[in-house]
Amino acid sequence: MSDKSQEEVIGRAVIDPDFRDRLLKDPEATIKAEGYTVSAEFINQLKDMDTDAAMAAASNLDGAFAQRKAAT
Amino acid sequence: MSAVSDVSLQAEVLDRLEVAAGRMGPRLGGAWTRLSSRLRLNDRQPGYFLHPLAFPILQLPTWAAQRAGGALPEAAALAADSREAAAAGYLHVRVQDDWMDEGIEEGAATALLSDALLTRHQRLLVGVAGDRPAFWERFEAAWLRYAEAMLLERALHDGEATYDQAAFDVVMDRSRPLALPPAAIWIHSGLDALLPALDDYVSHLSTSHQLFTDLIDAERDLAAGNLTWVIRRMGISDEGAEDPEASLQQLRRALYLEGGFDAVMREARGRLEQAAEASRRMALPPASEAYLVRRGELMTTAQREVFQALFAGLHRS
């Protein structure tokens, strides 16, 4: 397994919506097509993502943007 | 318009509103004081009207006056009246919206304070637009569409109507009065040709804002049984929502694993770009575009924070 590749995949997935979309829909094909080298475990994790953390982050944003109702 | 002058313009508007409120009797004035306190209008740094995600309520009349240019000797006074009109019109809406959404204040105080604010809004616009029919036809149409939008939103919230794209578009009409103060300046100045772009600007900006906030609020809205257009786009129906845990899991899957969050965000960003295009058509000052760019940056930051959290679990493996 290449940690560097794994970190690169994660970093790109965070900032690149098109890559993220392809990665979540078909992790193996996307990683192969893009030339990354990652472990089978990493692929399996991508196939079984836990969405709780993302929803928690969205809830935190709710707090961060609590004033967005201000003047809208 | 720099951030410093934004703050000073806001202070000027709030001072003027306080003077206007001083003419209210003790009971109506009490309702105003409660509103002002609840919204923390006097916390002036950065202030209620200057949150980065707030609409440019005070800025739009200022940009419109700048666009009208130095040919108008009374431009500064028109801009000041328009800014206060914009704030009073906005607060008229806020009072009604908070009452309908959250039951804040009792009905009589809501109706009468809201009326007083709309009266102030209208009186100030008379001073800007005079008796020009082009403005007052627009004024009446904007407030009628606002009312229809608010009633439809109420019906949607109460389950008496179903959200779809057409309903969402009608609900967005509630922001139309935002265009009235700058429109008054331009009609006064003979710049009527800019009005279609102004309508586009307000429409695209309010739609972008609503999509973004409904995205951030999705879980809370679902828990409250408020099936917004964003939630329905994730495949959740009234019947499905009867199983809260299953619908929550479906919402999360659709948003984060199946591209729903990114799709809505892409649309919200597209609307923001269309607002920028309308801003360019109006040849508004650069501050207008800077404001839209800043909004886009905040949306990108929010999007990245969400997906940083989603992928953070992989880091820990």
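**View 1. B:A116 within helix α5 of chain B.** In this predicted model, residue B:A116 is found in helix α5 of chain B. Leaving aside residues up to four places away in sequence, B:A116 touches B:M24 and B:L28. A second residue, B:F212, is 96 residues apart from B:A116 along the chain, and the C-alpha atoms of B:A116 and B:F212 are separated by 32 Å.

**View 2. Helix α8 of chain B and its surroundings.** Helix α8 of chain B covers residues 180-188, and nine of its nine residues are buried, so this helix is largely enclosed by the rest of the structure. The buried residues, which can be picked out one after another in the view, are B:L180, B:P181, B:P182, B:A183, B:A184, B:I185, B:W186, B:I187 and B:H188. The elements of chain B against which the buried residues of α8(B) pack are α3 (59-68), α4 (75-102), α5 (107-129), α6 (133-157) and α9. Following α8(B) comes B:G190, a residue whose phi is positive, near 75°.

**View 3. Helix α6 of chain B from end to end.** With 25 residues, α6(B) reaches 36 Å from its first C-alpha to its last, which is close to the 36 Å expected at 1.5 Å a residue. Buried residues in α6(B) are B:F135, B:R138, B:A142, B:Y146, B:E153 and B:L156, and the buried residues of this helix pack against α5, α7 (165-171) and α8 of chain B. Just after α6(B), B:G159 takes a positive phi of about 75°.

**View 4. The contact of α6 with α8 in chain B.** The axes of α6(B) and α8(B) come within 10 Å and cross at roughly 170°. Because of that angle, α6(B) is roughly antiparallel to α8(B). On the side of α6(B) the contact is made by B:A134, B:F135, B:R138, B:F139 and B:A142, while α8(B) contributes B:L180, B:A183, B:A184 and B:I187. Sorted by kind, the residues of this contact of α6(B) with α8(B) are eight nonpolar, no polar and one charged.

**View 5. The side of chain B that touches chain A.** Here 34 residues of chain B are in contact with 29 residues of chain A. On the chain B side, the elements that give two or more residues are α9 (195-216), α10 (218-223), α12 (244-257) and α14 (286-315), and among the elements α14(B) gives the most, with 13 residues. The residues on this side of chain B divide into 18 nonpolar, eight polar and eight charged.

**View 6. Confidence of the prediction.** The mean pLDDT of chain B is 90, and 95% of its residues reach 70 or more. Within chain B, confidence is lowest in helix α1 (residues 3-21), at a mean of 86, and highest in helix α13 (residues 260-282), at 97. For the complex, the predictor gives an ipTM of 0.85 and a pTM of 0.90.

How values were computed
Residues numbered from 1 in each chain as written. Chains lettered and ligands numbered in written order. Predicted model: local features only at pLDDT ≥ 70, side-chain atom pairs only at ≥ 80, totals over all residues. Contact = placed C-beta atoms within 7 Å. Helix = DSSP H or I, 4+ residues; strand = E, 2+ residues; numbered from the N terminus. Nonpolar A, V, L, I, M, F, W, Y, C, P; charged D, E, K, R; others polar. pLDDT = per-residue confidence, 0-100. Buried ≥ 20, exposed ≤ 12 C-beta atoms within 10 Å, placed from the backbone. Expected span 1.5 Å × (residues − 1). Axes fitted to C-alpha atoms, helices over the stretch in contact; angles between N-to-C directions. Parallel < 35°, antiparallel > 145°, perpendicular 65-115°, else oblique.
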